[in-house]
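Here is a colleague's note for a reader new to this structure. The points are numbered and can be read with the structure open.

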Amino acid sequence: MVAPAFRSATSGGNGSLQELTLTEPAGAANDDIMVFALDKENTDAITWPTGFTEAASTTNAGSQLAMAWKRRSGTQTYTASWLGNNWR
């Protein structure tokens, strides 16, 4: 079994929309674990991209930090959405 290692990352910056779309980072390969982390200024439910499983979520003072993951099985673009606005 190969030891886990960080390969690369991509980010979406800041925004005031109700969704965030990310492309895969360079060098992504099948069976990589893809992690989608989101920090937003509301506590509304998140609709994660297809195949992602929420691993953690915490709220504080009206903000939410959440993370979901999936095992990569081909090139994709990932979009998460929610009812509120403002994400980082």
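This is a predicted model: local features need pLDDT of at least 70, side-chain atom pairs count only at pLDDT 80 or more; totals for chains, interfaces and linings use all residues.

1. Now the chain as a whole. The protein chain has 0 helices and 6 strands. Read from the N terminus on, its elements run β-β-β-β-β-β. The chain has 88 residues, and buried residues make up 28% of them. Its accessible surface comes to about 5,600 Å². Carbon and sulfur atoms account for 51% of that surface.

2. Ser-11 lies in the segment before strand 1 (19–23). Ser-11 counts as exposed because its relative accessibility is 65%, and the cut-off for exposed is over 50%.

3. Next, the pairing of strand 2 with strand 5. How many bridges join strand 2 to strand 5? There are 8, and the two strands run antiparallel. Met-34 has Lys-70 in strand 5 as its bridge partner. Lys-40 is partnered with Gln-64, also in strand 5.

4. Strand 5 pairs with strand 4 as well. Here 7 bridges join the two strands, again in an antiparallel run. Thr-53 has Trp-69 of strand 5 as its bridge partner. Strand 4 and strand 5 form a hairpin, with 2 residues between them. Look at Ala-61 in the turn: its phi is positive, at about 50 degrees.

5. Which residues of strand 5 are on its covered face, and which on its uncovered one? The covered face holds Gln-64, Ala-66, Ala-68 and Lys-70. The uncovered face holds Ser-63, Leu-65, Met-67, Trp-69 and Arg-71.

6. Ile-33, Val-35, Met-67 and Trp-69 make a nonpolar patch of about 360 Å². Strand 2 (33–40) and strand 5 (63–71) each supply at least two of the patch residues. Met-67 has its place in strand 5. Is Met-67 buried, exposed or partly exposed? Met-67 counts as partly exposed because its relative accessibility is 33%. That value falls between the cut-offs, under 20% for buried and over 50% for exposed.

7. Turn to the charged pairs. Side chains of opposite charge can pair when their charged atoms come close. The structure holds 2 salt bridges. One of them joins the side chains of Asp-32 and Arg-7, at 2.8 Å from N to O. This pair links distant parts of the chain, 25 residues apart. Asp-32 sits in the loop between strand 1 and strand 2, while Arg-7 is in the segment before strand 1. Asp-32 is buried, with a relative accessible area of 16%. Arg-7 is partly exposed, at 47%.

8. The other salt bridge is between Glu-24 and Arg-72. Their closest N and O atoms are 3.0 Å apart. This pair, too, links distant parts of the chain, and its residues are 48 apart. Glu-24 lies in the loop between strand 1 and strand 2. Arg-72 lies in the loop between strand 5 and strand 6 (77–82). Why do Glu-24 and Arg-72 count as buried? Glu-24 is at 14% relative accessibility, and Arg-72 is at 7%. The cut-off for buried is under 20%, so each of them qualifies.

Notes: Residues are numbered from 1 along each chain as its sequence is written. Side-chain values use heavy atoms; hydrogens and water are left out. Patches are made of residues with over 30% relative accessible area and no salt bridge: like charges are joined within 9 Å, nonpolar side chains (Val, Leu, Ile, Met, Phe, Trp, Tyr) within 5 Å. Accessible areas come from the Shrake-Rupley method with a 1.4 Å probe; for residues, only the protein chains shown count as cover. A salt bridge is a side-chain nitrogen of Lys or Arg within 4 Å of a carboxyl oxygen of Asp or Glu. Helices (H or I, at least four residues) and strands (E, at least two) are DSSP runs, numbered from the N terminus. Buried means under 20% relative accessible area, exposed over 50%, partly exposed in between (1.4 Å probe, protein chains only). Two strands pair if DSSP finds at least two bridges between them.
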